Amino acid sequence: SVPHCGGCLDPKILARNVSTHIDKISPIREDGKWGAKCRKVYDLDGQGQGQRIPDGKGGWKSHREATTDWNQRGNAEKWRAAWASYANRALEAAGRPERIDHRSYKRQDTAPTSQYAKVKTLKEDAKLFNFLMENGISSMEQLYEKVSAMNSGYYDLRGKIVKAERRLSVLNARLEMWTQYQKYKPIRQKLDKVSPGKREQFEQRHSADLALFDAAARYLDTLKASGEAITPRAWRAEVKKLTAEKDADYLKMRDMWEDIKAVETLKRTAECLAREGQTQRREEQER
């Protein structure tokens, strides 16, 4: 899973890497060619005359200026925020509960100043407290175990649904072939009753129907040869049962996913509170 505020997808790290290397890239001029990354600018005196300042070596004092604003710290912050926004939209579209934050832990832990933010934080803390009490959780380790168990249950249910879908695919294929066999069986029976002189003409006229009958017959014969009984009624009953179970499991899985997303949010709240507690204890020790 994608970690919140950290890990290999930390937008701060990625944006910092980008800003580290972006200043090494030259700008592109209007003619499509590479331009200079920086330019030489002469230092001027501060007496209002705008005169160059001798460097004492026969030249003039100067400094280098970047030709683009790619390496400015303010832009790096914008890139990090934009990257986090794009990544979170992708995570939401993929149905993942994780979210990332481009801000540092210190900035995230700063107490909110707006009334809305304060109320939101209080609500999240209340939800976290109720969840911990209802599940008898008293440590971060137990919280992680609970989240892991919920994810495990979700994927177990998903595996059950996949297994049901595969079985339904097999049963539906059998029923389709059985229906095809029954549909074209009368034409095959007519062929057996046609006189030898008219048999070829009948076969030409019903070639497509006879081919479909033969394909279905071969399929069912192969099935019987493998030890499977031809039981259309039992197949239909099993399809009905599996479909009902699968639909119910889908609803249950959707609810589980919503619960997991909510608990992931509570976990992040707990992690932030834990970091705040560690910071407070460290500050108290330093005093």
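**Aromatic pairs and other stops**

Begin by selecting Trp178 and Tyr181, which both lie in helix 5, 3 residues apart, or about one turn of the helix. Helices (H or I, at least four residues) and strands (E, at least two) are DSSP runs, numbered from the N terminus. The model is predicted, so local features need pLDDT of at least 70 and side-chain atom pairs count only at pLDDT 80 or more, while totals for chains, interfaces and linings use all residues. Residues are numbered from 1 along each chain as its sequence is written, and side-chain values use heavy atoms, with hydrogens and water left out.

A pair of aromatic rings is described by the distance of the centres and the angle of the planes. Rings of Phe, Tyr and Trp (its six-membered ring) pair if their centres lie within 6.5 Å; planes under 30 degrees apart count as stacked, over 60 as edge-to-face and the rest as tilted. By this rule the count comes to 4 aromatic pairs.

Next, select Tyr154 and Trp257. Their ring centres are 5.1 Å apart and their planes stand at 40 degrees, so the pair is tilted. This pair links distant parts of the chain, with Tyr154 in helix 5 (residues 140-193) and Trp257 in helix 8, 103 residues apart. Both Tyr154 and Trp257 are buried (under 20% relative accessible area; exposed is over 50%, partly exposed in between, with a 1.4 Å probe and protein chains only). Returning to Trp178 and Tyr181, their aromatic pair is stacked, at 5.8 Å centre to centre and 20 degrees between the planes.

Because its relative accessibility is 17%, Lys267 counts as buried.

Then move to Trp60, in the loop between strand 1 (38-42) and strand 2 (62-66). Trp60 is partly exposed, with a relative accessible area of 40%.

Finally, colour the chain by pLDDT, the predictor's confidence in each residue, from 0 to 100. The chain has a mean of 79, and 74% of its residues reach 70 or more. Confidence is highest in helix 7 (residues 207-225), at a mean of 96, and lowest in helix 1 (residues 11-22), at 46. Where pLDDT is low, the predicted coordinates should not be read in detail.
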